[in-house]
Amino acid sequence: MNIMIVGCGKVGQALVEQLSDEGDNITVIDVDERKVNEASRKYDVMGIVGNGATHMVQLEAGIEHTDLMIAVTASDELNLLCCLVAKKAGKCQTIARVRSPEYSKDAPYLQEELRLAMVINPEFAAASEIARVIRFPSAVKIDTFAKGKLELLKFRLPNNCILTDYSVKDISTKLKCDVLVCMIERGDETIIPGGDMTFNQGDMISIVATPQNANRFFRKINYHSNQIKNVIIAGGGNIAYYLSKMLIKSGIAVKIIELNDQRCEELCVELPKATIIHGDASEKETLLEEGIDNTGAFVALTNLDEENILLSLFAHSIMNGKIVTKVNRIEYDEIIRKLDLDSIVNPKHITAECIVSFVRAMKNSMGSNVETLYSLIKGKVEAAEFVIRERSPILYVPLQELVFKPNVLIACIVRNDKMIIPRGQDTIKLGDSVVVVSRHLGLHDICDILE
């Protein structure tokens with residue numbers, strides 16, 4: 001595919017990094033020559049310095065031969081204008097990043113009237129992910145497949161859990177649970193496990209299951225998390241606004257601590273059912289005064305990554321509830337993962353992941369059958385959902401007779417809305433959705449998992 005990306009900020013860079021690994025022809029446009037040169041050098045893509053909203057610059061970048069144009073500059077209006085010009089100058093699909101809550105309310109209208117393929121709001125997407133993990137506090141991260149019928153949940157094995165010293169196969173034989181363990185993170189090691197592998201205390205475990213089976217599994221291993229009834233949010237930006245609306249709708253009490261007096265007044269008007277506190281969330285006394293030690297969940301959403309991390313570490317030391325930390329700088333992933341944090345949310349990474357999933361879906365008509373894609377560990381492990389629409393050598397053959405590449409696991413088969421945890425005698429049929437977890441990145445076809 002020929003893809004044009006306007007805007008070389010953090011989202012643009014994350015997109016270039018992920019899409020360049022998949023063999024697409026990418027052109028980046030930005031007014032900042034340094035950013036363009038850096039992207040061109042680092043990812044071997046074509047770079048154009050200029051205003052991506054102008055017809056002349058888009059023509060120079062090859063808009064007439066572009067399949068998809070993605071506008072992710074810092075300005076909502078500029079992104080929408082880029083898409084309008086691209087629609088007139090070429091015949092490509094367009095995606096616009098739109099962050100403002102005012103425009104967000106009009107997203108369906110804008111998408112239809114401007115004929116956009118997607119309107120993506122990083123703050124709303126991040127709020128949605130945070131809301132999911134607060135509603136299911138046992139999980140560190142939740143990804144969905146098969147249109148939400150199937151979930152991939154990541155959780156840390158707590159101290160004295162009955163699962164410690166169990167093997168992977170014991171989950172089905174001893175616990176009688178219909179879930180599949182697809183990944184174990186142990187220190188710096190990432191393992192796609194076999195049935196004989198045993199769990200250790202402190203392992204980060206990823207499972208695939210339906211929401212009902214996941215609940216049953218957590219009950220059986222005595223991994224109890226009480227339903228969260230109240231949340232404290234540090235920082236009153238757009239993510240806090242979207243998240244509060246979602247949580248209040250679910251019956252969860254919300255308290256926002258915000259330093260800016262004018263923003264507090266705005267939030268009081270926009271969120272009449274939330275408690276808005278004018279104060280400095282970075283001060284320990286403020287958090288203690290507002291009852292952080294007795295709250296069900298704490299979400300750090302200030303504008304500073306360092307502050308969010310320190311606040312979360314402090315919260316972890318005095319409370320037993322759910323802790324969610326917003327981190328914008330994706331270049332320190334490896335270091336942050338080693339800290340004793342609970343759930344980490346990166347709005348720019350979520351945005352890039354949504355757009356990459358759309359790109360994969362576009363490729364369905366161009367030879368790929370990937371429906372959904374998640375990066376489980378950046379640059380190391382992916383989970384991909386394949387929809388089997390055509391005959392191939394993998395069909396109707398018992399899985400135990402197929403020769404798979406190393407570090408590949410068929411995590412689940414969805415057939416007629418029914419989830420099948422695959423065993424050796426199971427087969428893949430036309431129309432199935434198949435979830436594959438793999439250390440081989442950039443799989444485009446289900447047959448790519450075979451030797």
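Biologist: Is Lys 169 buried, partly exposed or exposed?

Modeller: Relative accessible area decides: buried is under 20%, exposed is over 50%, partly exposed lies in between, with a 1.4 Å probe and protein chains only. Lys 169 has a relative accessible area of 44%, so it is partly exposed. This is a predicted model, where local features need pLDDT of at least 70 and side-chain atom pairs count only at pLDDT 80 or more, while totals for chains, interfaces and linings use all residues. Numbering runs from 1 along each chain as its sequence is written, and side-chain values use heavy atoms, leaving out hydrogens and water.

Biologist: Which residue forms a salt bridge with Lys 169?

Modeller: A salt bridge needs a side-chain nitrogen of Lys or Arg within 4 Å of a carboxyl oxygen of Asp or Glu. Lys 169 pairs with Asp 196, with 2.8 Å between the closest N and O atoms. Asp 196 is exposed, at 60% relative accessibility.

Biologist: Where do the two partners, Asp 196 and Lys 169, lie?

Modeller: Helices (H or I, at least four residues) and strands (E, at least two) are DSSP runs, numbered from the N terminus. Asp 196 sits in the loop between strand E10 (189-191) and strand E11 (204-209). Lys 169 sits in the loop between E8 and helix H8 (170-173). The pair therefore ties together parts 27 residues apart in sequence.

Biologist: Are Glu 185 and Lys 154 buried or exposed?

Modeller: Both are buried. Their side chains form a salt bridge at 3.0 Å, N to O. Glu 185 belongs to strand E9 (residues 180-186) and Lys 154 to strand E8 (residues 150-156), so far as sequence goes 31 residues apart. The count of salt bridges comes to 14.

Biologist: What is the nearest side chain of opposite charge to Arg 97?

Modeller: For charge, Lys and Arg count as positive, Asp and Glu as negative; His and the chain ends are not counted. The answer is Asp 76, 6.0 Å away. Arg 97 is buried yet has no salt bridge. Arg 97 lies in strand E5 (residues 93-97). A polar atom of its side chain is 3.3 Å from the backbone oxygen of Val 72.

Biologist: Which residues is Arg 97 in contact with?

Modeller: Contact means heavy atoms within 4.5 Å. Leaving aside neighbours within four places in sequence, the contacts of Arg 97 include Val 11, Ala 71, Thr 73, Asn 79, Ile 120 and Pro 122.

Biologist: Which residues touch the most other members of the largest nonpolar core?

Modeller: A nonpolar core is a set of buried Ala, Val, Leu, Ile, Met, Phe, Trp, Tyr and Cys residues joined through side-chain atoms within 4.5 Å. The largest has 57 residues, and Leu 163 and Phe 217 touch the most other members. Beyond four places in sequence, Leu 163 touches residues including Leu 157, Ile 171, Phe 199 and Phe 217. Another core, of 48 residues, lies apart, with Ala 39, Ala 352, Phe 386 and Ile 446 among them.

Biologist: How many of the 451 residues are buried, as a percentage?

Modeller: Buried residues make up 56%.

How values were computed:
Polar contact = N/O pair within 3.5 Å; in protein donor to acceptor, adjacent residues only side chain to side chain.
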